Amino acid sequence: MGHDRAGRGRIPLAAGRLTLDLEGDPVAAGRALIGWTLLVDGVGGAIVEAEAYAHDDPASHSFGGLRVRNAAMFGPPGTLYVYRSHGIHWCVNVVCRPAGIGAAVLVRSLEPTHGIDTMRARRGREPLATGPGNVGEALAATPVLNGEPAVLLPPDRARRVEASIRIGITRAPERPWRFLDPDSRAVSRPLSSAARGRHRRTHA
(Lines give C-alpha, C1' and ligand atoms only; values in the text may rest on other atoms or scores of the structure.)
Protein backbone atom coordinates (compact mmCIF):
# COMPACT_ATOMS: atom_id res chain seq x y z
CA MET A 1 0.00 0.00 0.00
CA GLY A 2 1.79 3.11 -1.14
CA HIS A 3 1.10 6.76 -1.72
CA ASP A 4 -2.10 7.35 -3.66
CA ARG A 5 -1.57 10.47 -5.76
CA ALA A 6 -5.26 10.57 -6.60
CA GLY A 7 -5.97 10.44 -2.86
CA ARG A 8 -3.93 13.60 -2.25
CA GLY A 9 -1.67 12.15 0.40
CA ARG A 10 -4.31 10.17 2.24
CA ILE A 11 -3.43 6.52 2.83
CA PRO A 12 -6.49 4.27 3.36
CA LEU A 13 -6.93 2.39 6.62
CA ALA A 14 -9.46 -0.39 7.19
CA ALA A 15 -10.79 -0.57 3.64
CA GLY A 16 -11.12 3.19 3.32
CA ARG A 17 -13.10 3.90 6.48
CA LEU A 18 -10.21 5.84 8.01
CA THR A 19 -7.16 7.49 6.51
CA LEU A 20 -3.66 8.56 7.46
CA ASP A 21 -3.53 12.23 6.50
CA LEU A 22 -0.07 13.23 5.30
CA GLU A 23 -1.24 16.43 3.63
CA GLY A 24 -1.84 18.31 6.84
CA ASP A 25 0.16 19.27 9.91
CA PRO A 26 3.44 17.26 10.10
CA VAL A 27 3.20 17.25 13.90
CA ALA A 28 -0.16 15.48 13.72
CA ALA A 29 1.26 13.16 11.07
CA GLY A 30 4.25 12.31 13.27
CA ARG A 31 1.92 11.27 16.07
CA ALA A 32 -0.38 9.36 13.73
CA LEU A 33 2.45 7.41 12.08
CA ILE A 34 3.30 5.58 15.29
CA GLY A 35 2.24 1.97 14.77
CA TRP A 36 2.15 2.11 10.96
CA THR A 37 4.52 -0.31 9.23
CA LEU A 38 7.04 1.17 6.80
CA LEU A 39 8.41 -1.18 4.14
CA VAL A 40 11.16 -0.75 1.55
CA ASP A 41 11.28 -3.66 -0.91
CA GLY A 42 9.36 -5.76 1.59
CA VAL A 43 11.72 -5.04 4.51
CA GLY A 44 10.79 -2.97 7.54
CA GLY A 45 8.62 -2.76 10.60
CA ALA A 46 6.26 -0.75 12.75
CA ILE A 47 7.23 2.87 13.31
CA VAL A 48 7.67 3.30 17.07
CA GLU A 49 9.57 6.61 17.15
CA ALA A 50 9.36 9.61 14.83
CA GLU A 51 10.09 13.33 14.75
CA ALA A 52 8.17 16.04 12.91
CA TYR A 53 9.80 18.86 10.93
CA ALA A 54 7.68 21.72 9.58
CA HIS A 55 8.40 24.12 6.72
CA ASP A 56 8.83 27.09 9.08
CA ASP A 57 10.87 25.10 11.61
CA PRO A 58 14.48 26.35 12.09
CA ALA A 59 15.59 22.73 12.60
CA SER A 60 14.10 21.58 9.30
CA HIS A 61 16.13 21.01 6.14
CA SER A 62 13.45 22.95 4.27
CA PHE A 63 13.79 26.08 6.41
CA GLY A 64 16.16 27.79 3.98
CA GLY A 65 14.02 27.02 0.96
CA LEU A 66 14.13 24.58 -1.93
CA ARG A 67 17.56 23.30 -2.94
CA VAL A 68 18.83 20.34 -4.93
CA ARG A 69 19.72 18.30 -1.85
CA ASN A 70 16.36 18.78 -0.08
CA ALA A 71 14.07 18.80 -3.15
CA ALA A 72 12.39 15.49 -2.22
CA MET A 73 11.23 17.05 1.06
CA PHE A 74 8.96 19.39 -0.89
CA GLY A 75 6.58 16.64 -1.86
CA PRO A 76 4.27 15.25 -2.84
CA PRO A 77 2.96 13.98 0.52
CA GLY A 78 3.36 10.27 1.21
CA THR A 79 6.70 10.03 -0.60
CA LEU A 80 10.17 9.45 0.85
CA TYR A 81 12.95 11.92 1.59
CA VAL A 82 16.37 10.41 2.34
CA TYR A 83 19.35 12.47 3.48
CA ARG A 84 22.82 11.78 4.84
CA SER A 85 23.49 12.68 8.47
CA HIS A 86 27.01 13.76 9.46
CA GLY A 87 28.31 12.25 6.24
CA ILE A 88 27.73 8.74 7.60
CA HIS A 89 24.12 7.61 8.00
CA TRP A 90 21.21 7.71 5.56
CA CYS A 91 18.02 8.81 7.32
CA VAL A 92 14.49 8.07 6.11
CA ASN A 93 11.61 10.55 6.21
CA VAL A 94 7.97 10.47 5.14
CA VAL A 95 7.02 13.70 3.37
CA CYS A 96 3.99 15.67 4.59
CA ARG A 97 2.01 18.72 3.44
CA PRO A 98 1.09 19.48 -0.17
CA ALA A 99 3.84 19.53 -2.77
CA GLY A 100 5.98 22.65 -2.64
CA ILE A 101 5.78 23.33 1.11
CA GLY A 102 8.63 21.22 2.54
CA ALA A 103 7.77 19.20 5.66
CA ALA A 104 8.44 15.64 6.74
CA VAL A 105 8.50 13.12 9.56
CA LEU A 106 11.85 11.50 10.38
CA VAL A 107 11.54 7.78 11.11
CA ARG A 108 13.71 7.34 14.19
CA SER A 109 13.00 3.71 15.11
CA LEU A 110 11.19 0.63 13.83
CA GLU A 111 10.09 -2.63 15.45
CA PRO A 112 11.33 -5.14 12.82
CA THR A 113 8.54 -7.31 11.44
CA HIS A 114 9.33 -7.93 7.76
CA GLY A 115 12.60 -9.21 6.29
CA ILE A 116 14.29 -9.55 9.68
CA ASP A 117 17.04 -11.84 8.33
CA THR A 118 17.78 -9.28 5.63
CA MET A 119 18.00 -6.55 8.24
CA ARG A 120 20.40 -8.67 10.31
CA ALA A 121 22.61 -9.26 7.28
CA ARG A 122 22.72 -5.53 6.54
CA ARG A 123 23.29 -4.41 10.09
CA GLY A 124 25.47 -7.27 11.36
CA ARG A 125 24.52 -6.46 14.94
CA GLU A 126 21.66 -5.54 17.25
CA PRO A 127 19.60 -3.43 17.52
CA LEU A 128 18.34 -3.70 13.99
CA ALA A 129 16.39 -0.47 13.55
CA THR A 130 16.70 1.61 16.71
CA GLY A 131 17.80 5.13 15.86
CA PRO A 132 17.50 6.88 12.48
CA GLY A 133 20.92 5.81 11.19
CA ASN A 134 20.18 2.17 11.97
CA VAL A 135 16.78 2.47 10.29
CA GLY A 136 18.48 3.71 7.13
CA GLU A 137 21.01 0.89 7.17
CA ALA A 138 18.40 -1.79 7.91
CA LEU A 139 16.29 -0.56 4.98
CA ALA A 140 19.35 -0.11 2.70
CA ALA A 141 18.19 3.48 2.19
CA THR A 142 19.96 5.71 -0.32
CA PRO A 143 18.91 8.85 -2.25
CA VAL A 144 17.58 6.50 -4.95
CA LEU A 145 14.45 6.33 -2.75
CA ASN A 146 13.91 10.10 -2.89
CA GLY A 147 10.44 10.85 -4.24
CA GLU A 148 9.37 7.20 -4.20
CA PRO A 149 5.99 6.36 -2.63
CA ALA A 150 6.22 5.36 1.03
CA VAL A 151 4.81 1.86 1.48
CA LEU A 152 2.83 2.09 4.72
CA LEU A 153 0.66 -0.64 6.23
CA PRO A 154 -1.93 0.21 8.89
CA PRO A 155 -1.35 -0.67 12.55
CA ASP A 156 -2.31 -4.16 13.69
CA ARG A 157 -3.18 -2.87 17.18
CA ALA A 158 -3.66 0.33 19.13
CA ARG A 159 -0.54 1.79 20.69
CA ARG A 160 0.11 4.37 23.35
CA VAL A 161 1.85 7.45 21.98
CA GLU A 162 3.82 9.95 24.02
CA ALA A 163 5.68 13.08 22.97
CA SER A 164 8.96 14.65 24.04
CA ILE A 165 11.39 17.25 22.81
CA ARG A 166 13.41 16.29 19.75
CA ILE A 167 16.85 14.70 20.02
CA GLY A 168 20.25 15.78 18.73
CA ILE A 169 19.37 19.19 17.28
CA THR A 170 20.52 22.67 18.27
CA ARG A 171 17.76 24.74 16.68
CA ALA A 172 14.28 24.76 18.24
CA PRO A 173 15.14 21.78 20.49
CA GLU A 174 12.34 22.64 22.91
CA ARG A 175 9.51 21.71 20.56
CA PRO A 176 7.77 18.49 21.74
CA TRP A 177 7.67 17.00 18.25
CA ARG A 178 9.23 13.61 18.94
CA PHE A 179 6.64 10.85 19.21
CA LEU A 180 7.13 7.31 20.46
CA ASP A 181 5.47 4.18 21.75
CA PRO A 182 6.65 4.12 25.38
CA ASP A 183 5.92 0.38 25.58
CA SER A 184 8.30 -0.48 22.74
CA ARG A 185 11.80 -1.72 23.48
CA ALA A 186 12.92 -0.49 20.05
CA VAL A 187 12.84 3.26 20.79
CA SER A 188 16.22 4.99 20.74
CA ARG A 189 15.76 6.82 24.01
CA PRO A 190 13.03 6.30 26.62
CA LEU A 191 11.34 9.33 28.07
CA SER A 192 13.28 10.76 30.98
CA SER A 193 11.50 12.03 34.06
CA ALA A 194 12.13 15.60 32.86
CA ALA A 195 10.71 14.88 29.42
CA ARG A 196 7.66 13.22 30.94
CA GLY A 197 6.87 16.43 32.72
CA ARG A 198 6.52 18.15 29.34
CA HIS A 199 4.85 15.43 27.28
CA ARG A 200 1.38 15.06 25.91
CA ARG A 201 -0.19 11.62 25.66
CA THR A 202 -2.56 10.34 23.02
CA HIS A 203 -3.41 7.08 21.30
CA ALA A 204 -2.80 5.92 17.75
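Predicted model: local features only at pLDDT ≥ 70, side-chain atom pairs only at ≥ 80, totals over all residues.

**A chat about core, backbone and pockets**

Q: Good to know. Does T79 count as buried or exposed?

A: T79 counts as buried because its relative accessibility is 0%. Buried means under 20% relative accessible area, exposed over 50%, and partly exposed in between, with a 1.4 Å probe and protein chains only.

Q: Which backbone oxygen lies 2.5 Å from a polar atom of the T79 side chain?

A: The backbone oxygen of P76. P76 is found in the loop between β4 and β5, and the peptide bond from G75 to P76 is cis, with omega near 5 degrees.

Q: Where else is there a cis peptide bond?

A: From E126 to P127, with omega near -5 degrees. P127 is found in the loop between α2 (116–123) and α3.

Q: And which residues have a positive phi without being a glycine?

A: R97, at about 65 degrees, and A140, at about 55 degrees. For context, most residues other than glycine have a negative phi, and most peptide bonds are trans. R97 is in the loop between β6 and β7 and counts as partly exposed because its relative accessibility is 23%. A140 lies in the loop between α3 and β8 (151–153), and its 43% relative accessibility makes A140 partly exposed too.

Q: Switching to the core: which residues touch the most other members?

A: In the largest nonpolar core, which has 36 residues, those are L33, L38, I47 and L152. Such a core is a set of buried Ala, Val, Leu, Ile, Met, Phe, Trp, Tyr and Cys residues joined through side-chain atoms within 4.5 Å. Elements giving two or more residues to this core include α1 (26–32), β3 (37–40), β4 (43–53) and β7 (103–114). β4 gives the most, with four residues.

Q: What does L38 touch?

A: Its contacts (heavy atoms within 4.5 Å) include V43, I47, L80, V92, V107 and L152, not counting residues up to four places away in sequence.

Q: Now the pockets. What volume does the largest pocket have?

A: About 530 Å³. On a 1 Å grid over the protein atoms alone, a pocket is an open set of points where a 1.4 Å probe fits, with protein on both sides within 12 Å along at least five of seven lines; lining residues have an atom within 4 Å of a point. Grid points are joined across faces, edges and corners, and a volume is the space filled by probe spheres set on the points.

Q: How about the second largest pocket? How much space lies there?

A: About 240 Å³. Of its 14 lining residues, the closest to its centre are H61, R67, R69, N70 and Y81.

How values were computed
Residues numbered from 1 in each chain as written. Heavy atoms only, no water. Polar contact = N/O pair within 3.5 Å; in protein donor to acceptor, adjacent residues only side chain to side chain.
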